[in-house]
Amino acid sequence: MARELNFDGLVGPTHNYGGLSFGNVASAEHAGALSNPRQAALQGLEKMRALHAIGVPQAILPPHPRPELALARRLGFEGDDREVLGRVARELPQLLAALYSASAMWTANAATVSPSADSADGRVHFTPANLQNKIHRHLEAETTARVLRAVFPDPARFAHHLPLPGTAALGDEGAANHTRLAPEHRLPGVQLFVYGESAAHPWAPRPRLFPARQTLEASAALARLHRVPAERCVLAQQHPETIDQGVFHNDVISVGHRDVFFYHERAFAEGEAPVLELAEKYERLTGARLRLVRATDSDLTVSDAVATYLFNSQLVTLPGERTLLVAPRECEEHPQVRGYVEALVAGDSPLDEVRYFDLRQSMHGGGGPACLRLRVVLTEAEEAAMAPGVRFDTALGERLVAWIERHYRDRILPADLADPALLVETRTALDELTRLLGLGSVYDFQLAGSGSA
Ligand code: SUG
């Protein structure tokens, strides 16, 4: 037996719209807008609660410590916490949003994870993403590494790699560019690694407006580190024109789960070739057929996909082997996309049901249902070796709702980030959370005992 657990990111108390992600259309559109951290966290929890209730195994990854004043200090801002915050607010206010970013909620970017069934050494492999393309996101790698080691401690079962070096040549955005397909979770499968560009192919078409955040060299290193045999890997370049239209990760244009791969015809630079390679390898290695759902431009355009995040839906298996599409509410509100999805579900496609979720607070930063979760396939024994406190159940859900209502603000504007009270509130909330999740001290401010605010 093996199951796929969805580790959702719990939205942190400093969720704000900094407009920090060049190339992410929603992030740019909402720069400086009023955010509601309380609602953001509750919307995410509601998705976890609903999926748990229909039998989808669910767990939680905690928010990261914010503000990350260590970054400000490395940039020359001196003094105690209050002084550093005050100086940044006066001299470099645009840095405040990065120091306070709650982007760790998008755990599809936390790490790449390969299940033990696919790895030559029979262990589950984790590599935290370096997220080097964005200043606010590169902050996440260190805490992610620490949290993953705390949640998956046994070295005989779990292999933890260092994040790849944080340089443009090795840009890595984690599971958002990685899809694992297998007839059943416990059986060996095939892994698709999608990248935006490569130094080895300087003449290949590349995006002209927006950055490609993942490189071929990074994806190849992940496959090597995770000891996934080459015959089980497919490496594919994302279509550069889609990156320029706002598809900054592959999970905005395709999604796969078990034996289903749902994608837009413009997803890949080489058109249908990588999909055929995937299907061919899948069939040869598993003896089963990959079920493909290919959306064409007449079904929906790339810009519809970016506006609604249809491909950022989650695919999950319901009891009775039915496949559910967990889609953002924006798909339901878009007549053409809604019509397309409903036709798929009503017809004989592999998609059997759809459910829409209101994740508006996250969507306005460019993160849909699939961005909010990191999938980890675990055998029964591996699951038993995992830290138990992060497993989601109804009781934890209720405790988290109470914790959010106790600690979270319901409005943050850019100017509020200068308020030292937010720092104190955030640390108090997070300190309490690590006890609630039984994680021990995983945050710098707990380890160093350096709360001088
Ligand atoms: O990296 N947005 C995130 C969204 C990540 C979505 N994840 C996946 N597609 N898997 C990003 O661009 C916006 C932050 C801001 O503007 O304040 C942000 O970081």
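Where is the place of Y309? Y309 sits in the loop between α11 and β12, where helices (H or I, at least four residues) and strands (E, at least two) are DSSP runs numbered from the N terminus. Y309 has a positive phi of about 60 degrees although it is not a glycine. With a relative accessible area of 4%, Y309 is buried; buried means under 20% relative accessible area, exposed over 50%, and partly exposed in between, with a 1.4 Å probe and protein chains only.

The structure is a predicted model, in which local features need pLDDT of at least 70 and side-chain atom pairs count only at pLDDT 80 or more, while totals for chains, interfaces and linings use all residues. Residues are numbered from 1 along each chain as its sequence is written, and side-chain values use heavy atoms, with hydrogens and water left out.

The overall fold comes next. The protein contains 18 helices and 15 strands. Its radius of gyration is 21 Å, close to the 22 Å that the globule rule gives for 453 residues, so the protein is as compact as a globular protein of that length. Here the radius of gyration is taken over C-alpha atoms, and the globule rule is 2.2 Å times the number of residues to the power 0.38. Along the principal axes, the C-alpha atoms fill a box of roughly 60 × 45 × 45 Å. Of the 453 residues, 59% are buried. Among contacts (heavy atoms within 4.5 Å) with a separation of 6 or more, 76% are between residues 24 or more positions apart.

In α8 (residues 216-225), the buried residues are L216, A218, S219, A221, L222 and A223. These buried residues pack against β3 (111-114), β4 (124-128), β7 (190-195) and β8 (233-237). After α8 comes R227, whose phi is positive, near 55 degrees.

Aromatic rings are another feature to follow. Rings of Phe, Tyr and Trp (its six-membered ring) pair if their centres lie within 6.5 Å; planes under 30 degrees apart count as stacked, over 60 as edge-to-face and the rest as tilted. By this rule the count comes to ten aromatic pairs. One of them, F126 with F158, is edge-to-face, at 6.2 Å centre to centre and 65 degrees between the planes. F126 lies in strand β4 and F158 in strand β5 (residues 158-160), so this pair ties together parts that are 32 residues apart in sequence. Both F126 and F158 are buried. A further pair, F262 with F311, is tilted, at 4.8 Å centre to centre and 50 degrees between the planes. F262 belongs to strand β10 (residues 260-264) and F311 to the loop between α11 (302-308) and β12 (314-318), so the pair ties together parts that are 49 residues apart in sequence. F262 and F311 are likewise buried. Ring pairs also link F7, F126, F152 and F158 into a cluster.

S254 brings the second pair back into view. This serine is found in strand β9 (residues 254-257) and is buried, with a relative accessible area of 2%. Leaving aside residues up to four places away in sequence, S254 touches F261, F262, Y263 and F311. S254 and D444 are 190 residues apart in sequence and 36 Å apart in space, C-alpha to C-alpha.

Most residues other than glycine have a negative phi, and most peptide bonds are trans. L131 has a positive phi of about 45 degrees although it is not a glycine. L131 is found in the loop between β4 and α6 (135-138) and is buried, with a relative accessible area of 1%. The peptide bond from R66 to P67 is cis, with omega near 5 degrees, and P67 lies in the loop between β2 (58-61) and α3 (69-74).
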